[in-house]
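Hi,

Here is the structure we talked about passing on. Please open it alongside this note; my findings follow below.

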Amino acid sequence: MTHLALMTQHLDQIFVLTSHWLLSYLPIALQPLCSAILSVAAIIIAFATLFALTTLLERKGLGRMQNRYGPNRVGPCGLFQPLADGVKSLTKEDIVPIRADRAVHFMAPVLLVAASFMGYAVLPIGRNMVMVDMNAGVLFFFAIGSLMELAVFMAGWSSRSKYSLLGAMRAIAQMISYEVPLVLASVVVLMQAGSLSTVAIVNMQATYSGIWPHWFVFTPWGFAGFALFMIAATAESNRSPFDLPEGESEIIAGYYTEYSGFKFALFFLGEYIGMFATSGMAITLFLGGWSAPFSFLTWIPSYFWFFAKLLTIISVFIWIRGTLPRLRMDQLMNLAWQFMLPMTLLNLLTTGIWHFMLPGFLRWIVCSTMVIVPCILLGSGLKYKKKFQIRTYHFSQ
Amino acid sequence: MNSLQSYLLLSSLLFSIGLAGALTRRNAILVLIGIELMLNAANLNFIAFWRYGPAPEVLTGIMFTIFSISIAAAEAAVGLSIILAAYRHSRTTDLDQMNSLKG
Amino acid sequence: MTTSFMILAVLTVAGTAAAMGLRNAVHCVLALALGFAGIAMLYLQLGAQFVGFTQILVYVGAVAILAVFAIMMTHNDKSMALPDSHSAWVAGCIVAVAVFAVLARAIVSSSASAQTQPPQPAATVQQIGNALMHRFVMPLEIMGLLLTAALIGAVVIAMDRREEMK
Amino acid sequence: MVGEGILKGLAETARNFFGSYVSKDRLTTVQYPEQREPQIEATRDFPFLVYDGADWQQGMRCVACQICEKECPPKCIFIEKSKDKKPDAFGKMQIYPATFNIDISVCMSCQICVEVCPFDAIKMDVEYHQSSDDRFGALLLNKQRLSKSNEYYNAIHPTEASAVDAQRAEELAKLEAKAKAAAEVKAAAEAKAAADANPALNASPQQPAGDPQ
């Protein structure tokens, strides 16, 4: 029995142990540097692979939702499609518009990808598998996320194209608007956990009463916070239905209209990596990070649970992309300021009440009411806001 | 060895750069940016003094910097909106050309 | 002085100097963002993690973007293309150099600044939070009030009044 | 209820997603190189030249009248007349096209050339596998590549082709009757000459069954 326990423990820590074993061959002075390089390389490889997998999954899933096959030509079931895409984007001509600001035009995708990868430094992917356990980890994550806005602006502005600039302005307006509810939605967890360290937050959720875990999503405020966080994260990562910055029908491809070849691929990569990072943060904050969903499943390695949760969230993202049409700009802003912001603020209040009420049934009723009733009221406010008139076309009549 | 002196010199250099910018630039936005830079130089001083000061556990330097950053954010928002309003009025952001008080 | 400090110092000074010296206003703001990031990293080097991240969040993420928006909104300003006047440039630089000379002399001659490195003080988020909630609770409240006032004020000032007049 | 529409939409896409794995008739995509949709009879893309008989040069119906060249809206046809003459399907001596080029990268498949041709010499093809890595040469079809036999025409557009063939047979019969009448008038003296009026005609075994002979 203990043998089995030891084995599962070793399986759980296999990457940590391998890294220690590899580093033990190096001189002491080099070990911190090499440890950092090793973990950075591991994160880049793991998430770049996940990116490749996700592009395929997304295209296949969207295809199936539209009763199509999706890519099925390259390799068995189209499995090598990401490889073909990569080769294609690498061999394509790299076009820089003649009036573009070359230096800024070049730096924008680099900054975007670098910023999106930096967020992983504080994500606990498994037990003891976090690059740096920062004291202000969550703050670091959001600070790095704000760098992406700058990269988007650089891309849009340096291209000297009206579509790029419009797309960039839309993207920045959207990202700033949704950063507020994103941060406020995560504040509830920080209130309850009393820490900004991602490791501490996950450790707090990785305990069980009976078979049930103490994930924050299983409380009224946690559930509301999770839902709000995910909506804001969708908008933050410019995904459908909030993909106005790309709005193909109006502004071609938004801020990366003037990018081609590998730089375009970098934008694509940065966008997906940013999406994974935000989803990973949602998992860390609300879904218990690497902890297993039931106490009897703890023998499965922790990193497996993290990636399983991540893939689930990605699938939901794809599902939503296949379902919802793109919002209009005013709808987007109304949602941010008239629904998301009041909801997150109310959720803060709810969390405070939850914290100071005694555990019991009453607490659940009060807090659920505090979440559900404003949600319905604000939602119906959004819904019945506009009375559309029949549009008349003067020139066509 | 990182001494307090090096940080102080750096921060005074940043302050001077900000001052030079605020004095020489004609664009109101860039002048505002120069002022922000001077604020930042002061913040760096606070942090350096907190780090090398006699009682770092009181966190006064950090607190001052946090408040200063918040004030700077508010200042930037209000300052830029004033510049926008002035631009709308006089169609310029050039400080030399904004020479009329009459609304 | 360690290498990392030198690199950060050069990065920061280069960024801020470019921000004050470049012709194109958008380039200025981008260079300024680099300078702010350099200052944030200096904070990290000094052990003030929370302040460093706040610096990035507020300055790079908000102030730089705000400045960029302001520049874009005042874009058809013809005076932007004009070079800054030569005499003002010389005068400003002389003043700045003079200020730097005075400050540098004061710093170098001061006995307080020759301190060696004391042990790293801790500034965890918990400590900062406790300080904000106990000793500095009054400034915090005033700060909240100020930010709210600034938010409303900025919106009111920047609002386009022409529509109201109609 | 707030969000009801979103839930309905999500249910619909989920039904599509799982349904596409269960029932194959949801997936309407034709897997092109392996599967082909059967073409309808009126399919058309680019013109080709019809010839009778086995030899494409001998049986070419085109007489280089250049009507199609003049009528072609995008001007993608280029014809050069020959100096000499050859007998056509009806035994008449006609000039023939020395060069007949169609640039199908320019052609817009309007079928006007087919409609104006008085000799039923140009018809619309159904061959759409024209992709090539040679941008200019491969899409400029010359006389040889344009020529396709009457059987091919019958195979791709059976209804239309049999109507054309019937009409041509009728014309031929008329001509023959005329020739016969003329022969009877000239009669006795040159009876032998009338018998083999058209050696070229006999060289067209694919003439339809309506042939009076």
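β1(D) and β6(D) run parallel, joined by three bridges. Within that pairing, V50(D) sits across from K148(D) of β6(D). Please keep in mind that this is a predicted model.

On to the other partner. Strand β1 of chain D spans residues 47-51 and pairs with β4(D) too, in the antiparallel sense, again over three bridges. F48(D) faces K123(D) in β4(D). L49(D) has I122(D) as its bridge partner, also in β4(D).

Put together, this gives an open sheet of three strands in chain D, ordered β4-β1-β6, with mixed pairing. The edges are β4 (122-124) and β6 (147-149) of chain D, and each of these pairs on one side only. From one strand to the next, the twist averages 50 degrees.

Is β1(D) mostly covered or mostly open? Mostly covered: five of its five residues are buried. When you step along the strand, remember that side chains in a regular strand alternate between the two faces of the sheet.

Best wishes

Terms used
Residues numbered from 1 in each chain as written. Chains lettered and ligands numbered in written order. Predicted model: local features only at pLDDT ≥ 70, side-chain atom pairs only at ≥ 80, totals over all residues. Pairing = 2+ DSSP bridges. Helix = DSSP H or I, 4+ residues; strand = E, 2+ residues; numbered from the N terminus. Axes fitted to C-alpha atoms, helices over the stretch in contact; angles between N-to-C directions. Buried ≥ 20, exposed ≤ 12 C-beta atoms within 10 Å, placed from the backbone.
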